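User: Hi, could you walk me through this structure, starting with one of its sheets?
Analyst: Gladly, let us look at the sequence and the structure together.

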Amino acid sequence: MILKTSMIKVKIRLWHLVVASFLLTVSLGVVFVYYYLLNKTPLIIREVVETVAVNKTETPKFLVNIGENNLVRPLDVAVDGEGKIYITNSGKGDIQVYNPNGYYLYSFGRFEMPNAIAVGPEGLIYVGEFKRGRIQVFNREGKLVKVIDGKKVGTVIQPLSLSFGRDKLLYVANRTGEVLVLTPEGRLVSRFGKPGSLKGYLSYPNGIAVDPEGNIIVSDSGNKRVQVFDRNGKLLKVLTASQLAVAYPRGIAVDQRGRVFVVDNFGHKVLILDKEFKKLFELGSRGLNEGELNFPNGIAVREGRIYIADRENGRVAVFSY
């Protein structure tokens, strides 16, 4: 009898232990779920975000694709001060405009493959047409204001990329292997560069941006490198494809903190560098899904968002950082 009682007591203790362990597991699960819902982010993600914040860098995160049902081979993108998004819809020969949330608003213009776009200091929209050798300028409603062509500039103009600097001048990466610096009205201020592969020379410069210090950063696509010039056109730095780990640099942008965003057209990604041109992040990989790219081309950066003209996917991919 004593033996049986002893065995029963042992069984009861094991049962209590199992129940206690189960209740503890459930309680921890409830606490975890509550914490997750309360903070709207998993604990491990929050730790990563806090670490990133301390380091004063931000890991880009995919937000949304824009224009998937409307765009055909978009080549470039620009964003104005109100957050409106302007996309060169090269396959249809127009400019499509979207609101800051990515909803289609309207289209304007009739172009032969518009390939470059920039927003000027007065909010005017500058659209480059490489094939026709001109830049057309529109107001926010899409009304033509003026045309900047070779006759007006006084030299051949074949714009591959456009960018405005803080000096309110228009920088044109020209098919001729030059950078043309123009006033917003189209008057030639200066020019530099020559066609070729030597340092300081350019071949199909498909991207241009001006950093906060006034330095001019050019995607020298034909030479598979990025070159940096000062405001007077003096060569400061040459970044080769191997140094950058890119296959074919095209669109390029700079944010207010001097970080440089380089589109790798053949690598189907975007490389993000600090102002010293050291790698911070990469985003994108080849594919059709959200966050993936397929021969991306132009890029714009504004207010913590990255806009990428995802050419062969027929859309603009938007990331936050």
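**A sheet and a hairpin**

Analyst: In this predicted model, there is an open sheet of four strands, which are arranged in the order E14-E15-E16-E17 and pair in an antiparallel way.

User: OK, and which are the edge strands?
Analyst: The edge strands are strand E14, covering 205-210, and strand E17, covering 235-240, and each of these pairs on one side only. Going from one strand to the next, the twist averages 15°.

User: How many bridges join E16 to E17?
Analyst: Strand E16, made of residues 225-229, is joined to E17 by five bridges, and the two run antiparallel.

User: Switching topic, what about E20 and E21, how do they pair?
Analyst: Strand E20 (residues 269-273) pairs with strand E21 (residues 279-283) over four bridges in the antiparallel sense, and valine 270 stands opposite leucine 283 in E21.

User: And which residue in that hairpin takes a positive phi?
Analyst: That is phenylalanine 277, with a phi near 70°, in a hairpin that has five residues between the strands.

User: What's the helix and strand content of 102-141?
Analyst: Residues 102-141 are 0% helix and 48% strand, with the end C-alpha atoms lying 17 Å apart.

User: And 248-276?
Analyst: Over residues 248-276, the chain is 0% helix and 55% strand, while the end C-alpha atoms are 21 Å apart.

How values were computed
Residues numbered from 1 in each chain as written. Predicted model: local features only at pLDDT ≥ 70, side-chain atom pairs only at ≥ 80, totals over all residues. Heavy atoms only, no water. Pairing = 2+ DSSP bridges. Axes fitted to C-alpha atoms, helices over the stretch in contact; angles between N-to-C directions.
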